[in-house]
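Subject: Handover of a structure and the findings from it

Dear colleague,

Please find the structure below, together with its sequence. I would be grateful if you would read the notes that follow with the structure open beside them.

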Amino acid sequence: MSLRINDLAPDFTAETTQGPISFYEWLGKDWGILFSHPKDYTPVCTTELGYMARMKPEFDKRGVKIIGLSVDPVDKHAGWARDIGETQGMAPNFPMIGDPTLAVSKAYDMLPAAAGDTSDGRTASDNQTVRNVYVIGPDKKIKLVISYPMTTGRNFDEVLRVVDSLQLTAKHRLATPVNWKPGDDVIIAGSVSNDEAKQLYPQGWKEPKPYIRIVPQPVLT
């Protein structure tokens, strides 16, 4: 069964570049981003890991923990990390999971059960579906899933934008419109009645249609 938004993220134990973890325990009450890679020493993933390392302070500000995954064993990640630092200007500064038994990849439905139980002999092409981004909330539920092909680098600026939207709308009964950026106007959620909206937004709202009620964005804290 494929994982969907609002499904519980599977818990797991794994070896990482920062030691063994139990995922739920590691995540604690924070938000998290898990993003996966089909193999070490792949060129697109090299650029992604360096960029995410540079962006980590922005996620830190938002209380979001970052963790990567590659199907290769942890002892191979160190050499790749050195390459990433040399070519991208910064090596990963977050844990990288080793998934040599493919257990995590299969738990997150990135590989089928028929993939076996070892990364040995598998190429990046064999693992090409291990290219997902998951945003996971403090309730351990999946809030976002994005799958990328191997030939298209991920846009982590967009992931940060989505995190801002998710955190805002988790706190307030709002939705964010197309291409929303922090500071833009937002939409009162459809689950909020007009009577409730008057209590929440006594200053009123713009209403181009009865189902589109636009208000200024509350301050993000």
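Let us begin with Lys140, which is found in the loop between strand E6 (132-136) and strand E7 (142-147). Helices (H or I, at least four residues) and strands (E, at least two) are DSSP runs, numbered from the N terminus. Please note that this is a predicted model, in which local features need pLDDT of at least 70 and side-chain atom pairs count only at pLDDT 80 or more, while totals for chains, interfaces and linings use all residues. Residues are numbered from 1 along each chain as its sequence is written, and side-chain values use heavy atoms, with hydrogens and water left out.

Not counting residues up to four places away in sequence, Lys140 touches Asp7, Leu8, Ala9, Tyr24, Leu27 and Gly28 (contact means heavy atoms within 4.5 Å). The charged end of Lys140 sits over the ring of Tyr24, 5.7 Å from its centre. For this, NZ of Lys or CZ of Arg must be within 6 Å of the ring centre and within 35 degrees of the ring normal.

The aromatic residues come next. A search of the whole structure finds 7 aromatic pairs. Among them, Phe23 and Trp26 are stacked, because their ring centres are 6.0 Å apart and their planes are at 20°. Rings of Phe, Tyr and Trp (its six-membered ring) pair if their centres lie within 6.5 Å; planes under 30 degrees apart count as stacked, over 60 as edge-to-face and the rest as tilted. Both Phe23 and Trp26 lie in helix H1 (residues 23-27), 3 residues apart, about one turn of the helix. Phe23 counts as buried at 2% relative accessibility, and Trp26 counts as buried at 18%.

The rings of Tyr41 and Trp80 form a tilted pair, since their centres are 6.3 Å apart and their planes are at 40°. This pair links distant parts of the chain: Tyr41 lies in the loop between strand E3 (31-37) and helix H2 (43-61), and Trp80 lies in helix H3, 39 residues apart.

Cys45 lies in helix H2 and is buried, with a relative accessible area of 2%. An unreviewed UniProt entry carries the annotation "active site" at Cys45. UniProt positions are given in the numbering used here, feature names are shortened, and annotations may be inferred rather than shown by experiment.

Finally, the protein chain as a whole has 6 helices and 11 strands. Of its 221 residues, 43% count as buried.

Yours sincerely,
A colleague

Note on methods
Buried means under 20% relative accessible area, exposed over 50%, partly exposed in between (1.4 Å probe, protein chains only).
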